[in-house]
Amino acid sequence: MDQIRIRGGRPLTGTVRIGGAKNAALPLMAACLLTDETLTLSNLPHLVDITTMANLLAGHGAEIRMQGEAGDGGHTGRTLSLHAGKITDTTAPYDLVRRMRASVLVLGPLVARTGHARVSLPGGCAIGTRPVDLHLKGLQQLGAEIELAEGYIEARAKGRLRGGHVLFPTVSVGATENLLMAAALAEGETVLANAAREPEIADLARCLIAMGAEIAGVGTDTLTVRGVERLHGARHEVVPDRIEAGTFAMAAAITRGDLELLGARAGLMESVVDKLCEAGVEISPTERGLRVACPGGVRGVDVMTEPFPGFPTDLQAQMTALMSVASGAAMITETIFENRFMHIPELARMGANVTVHNASSLVRGVGGLKGAPVMATDLRASASLVLAGLAAEGETVVSRVYHIDRGYERIEEKLAGCGADIERVTA
Ligand code: UD1
């Protein structure tokens with residue numbers, strides 16, 4: 001199994017290119033199931049989760065071709081064409097769904113297009129129980145019949161789904177995406193109220209509109225969809241990854257570096273930019289992205305995770321690593337997932353001083369961290385351990401890095417490219 005070995009203490013400098021957003025790419029890929037024409041997606045990151053989604057879609061009958069690699073349109077991302085001319089199988093098997101919860105995003109498109117979907121119920125995961133009840137209730141409100149049997153969700157519709165009013169009791173990114181895709185092909189008008197507003201949802205909506213969907217309220221918490229009988233092919237470029245950009249911004253800050261994030265957009269991550277600036281990080285827009293510098297180190301700031309436009313839960317662990325070397329203390333409160341503090345015992349092994357109480361962690365900044373062998377438990381937790389390793393004195397070895405490969409493209413190469421002493425080794 002691969003490990004990442006880091007010798008800390010080098011400031012990050014130069015430039016790093018931010019890729020396309022994984023969390024936008026996955027629902028966009030699932031949207032290919034809504035049409036018998038070709039959907040072409042560019043600026044796709046090269047990640048394990050993208051391959052998992054491609055395998056899942058291929059199982060439903062989609063033909064997937066890679067059209068281009070590095071350099072396309074100034075991006076490093078890939079271009080894939082996805083063509084689901086005929087849906088040959090409406091089952092999303094356990095073996096793929098258990099590897100990636102976002103597999104559940106095929107549910108809405110499959111039942112909307114074919115009137116049937118059988119999708120393995122995703123289980124819990126390292127960061128919490130993560131139910132899918134909101135996806136299912138929403139689809140029922142659009143006329144789908146849902147049954148749970150043998151670990152699978154069985155969704156059926158007689159003819160087309162029909163428009164309805166769906167009020168989400170909790171903001172859910174995945175449920176909003178599933179319902180948006182399903183409503184695009186439903187008969188009549190659907191209103192999705194208290195919808196998630198993450199930029200990845202607006203990106204999906206823009207792609208659906210390019211495919212012929214009629215959607216109003218994009219970027220707001222109320223999406224109104226007038227269903228159409230069929231959607232057609234389109235080309236769409238995936239929005240930049242604000243979580244990767246935030247992670248690299250924090251990497252620059254924790255090493256007191258000076259880094260330009262090519263392709264990063266402040267407008268996609270205002271809450272993160274604001275918090276980092278409050279902590280003393282200098283962030284300014286450049287022609288090509290964002291420049292992040294932190295010559296004087298950071299001071300402690302309190303952070304609470306919230307649905308967009310609030311501070312993203314997917315940057316909470318990385319922020320904790322940054323705050324562990326701040327001057328002063330920081331209170332970090334997680335409101336989205338119930339068990340997202342698994343990085344803390346590992347950070348403590350490197351000398352971080354963190355006390356967890358219910359959904360909050362009190363991080364008392366320490367003068368410096370010390371390298372140690374640590375273990376990644378989930379995707380964003382592993383990123384926080386890499387950040388800590390970049391700042392720590394001596395050697396840090398992060399094991400179970402397969403988690404990090406799900407969401408960060410060649411993270412060690414990108415970090416080495418801006419001056420970090422980091423390498424991937426096979427244990
Ligand atoms: C997406 C992101 C993930 C991010 C999360 C929150 C993708 C592929 N993943 O996950 O990186 O951390 O948004 O920003 O885009 N919930 C329910 N019932 C449901 C659905 C969700 O109770 O049916 C709860 C969840 O347990 C969680 C909260 O709602 O507590 C938010 O989850 P949700 O926004 O749905 O997250 P995902 O779409 O799974």
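How many helices and strands does the chain have? The chain has 14 helices and 24 strands. Helices (H or I, at least four residues) and strands (E, at least two) are DSSP runs, numbered from the N terminus.

## Ground rules

This is a predicted model: local features need pLDDT of at least 70, side-chain atom pairs count only at pLDDT 80 or more, and totals for chains, interfaces and linings use all residues. Residues are numbered from 1 along each chain as its sequence is written, and side-chain values use heavy atoms, with hydrogens and water left out.

## The chain as a whole

The C-alpha trace spans about 65 × 45 × 40 Å along its principal axes. For 427 residues, a compact globule would have a radius of gyration near 22 Å; the chain has 21 Å, which agrees. That radius is taken over C-alpha atoms, and the globule rule is 2.2 Å times the number of residues to the power 0.38. Of the 427 residues in the chain, 57% are buried. Buried means under 20% relative accessible area, exposed means over 50%, and partly exposed lies in between (1.4 Å probe, protein chains only).

Contact means heavy atoms within 4.5 Å. Take the contacts between residues at least 6 apart in sequence: 74% of them join residues at least 24 apart.

## Surface and charge

The chain exposes about 16,300 Å². Carbon and sulfur atoms supply 49% of that area. Accessible areas come from the Shrake-Rupley method with a 1.4 Å probe; for residues, only the protein chains shown count as cover.

The chain has 41 positive and 48 negative charges, and their mean positions are 2 Å apart. Lys and Arg count as positive and Asp and Glu as negative, while His and the chain ends are not counted. Each charge is placed at NZ of Lys, CZ of Arg, CG of Asp or CD of Glu.

Strands of a sheet pair through backbone hydrogen bonds, either parallel or antiparallel. Two strands pair if DSSP finds at least two bridges between them.

Strand β23 covers residues 395–399, and four of its five residues are buried. Strand β1 (residues 2–7) runs antiparallel to β23, joined by five bridges. Arg 5 has Val 397 of β23 as its bridge partner. Strand β22 (residues 373–375) runs parallel to β23, with three bridges between them. Here Met 375 is the bridge partner of Ser 399 in β23.

Is strand β17 largely enclosed or open? Four of the five residues of β17 (residues 289–293) are buried, so the strand is largely enclosed by the rest of the structure.

Strand β15 (residues 258–262) pairs with β17 in the antiparallel sense over five bridges. Leu 259 stands opposite Val 292 of β17. Strand β16 (residues 282–285) also runs antiparallel to β17, through four bridges. Ser 284 faces Arg 291 in β17. Three residues form the hairpin that joins β16 to β17.

## A four-stranded sheet

Four strands form an open sheet with mixed pairing, in the order β6-β7-β9-β8. The edge strands, β6 (91–92) and β8 (145–149), each pair on one side only.

Inside the order, strand β7 (residues 116–120) runs antiparallel to strand β9 (residues 152–156), and five bridges join them. Ala 117 has Ala 155 of β9 as its bridge partner.

Helix α10 (residues 316–323) is mostly covered: eight of its eight residues are buried. Among them are Ala 317, Gln 318 and Ala 321.

Ser 384 is found in helix α12 (residues 379–391). Ser 384 counts as buried because its relative accessibility is 0%. Leaving aside neighbours within four places in sequence, Ser 384 is in contact with Ala 317, Gln 318, Ala 321, His 343 and Leu 347.

Ala 183 is found in helix α6 (residues 173–184). At 0% relative accessibility, Ala 183 counts as buried. Not counting residues up to four places away in sequence, Ala 183 touches Leu 142, Thr 190, Val 225 and Gly 227. Ala 183 and Gly 138 are 45 residues apart in sequence, and their C-alpha atoms are 10.0 Å apart in space.

Arg 78 is in strand β5 (residues 78–83). Arg 78 has 19% relative accessibility, so Arg 78 counts as buried. His 46 is 32 residues from Arg 78 along the chain, and the C-alpha atoms of the two are separated by 7.0 Å.
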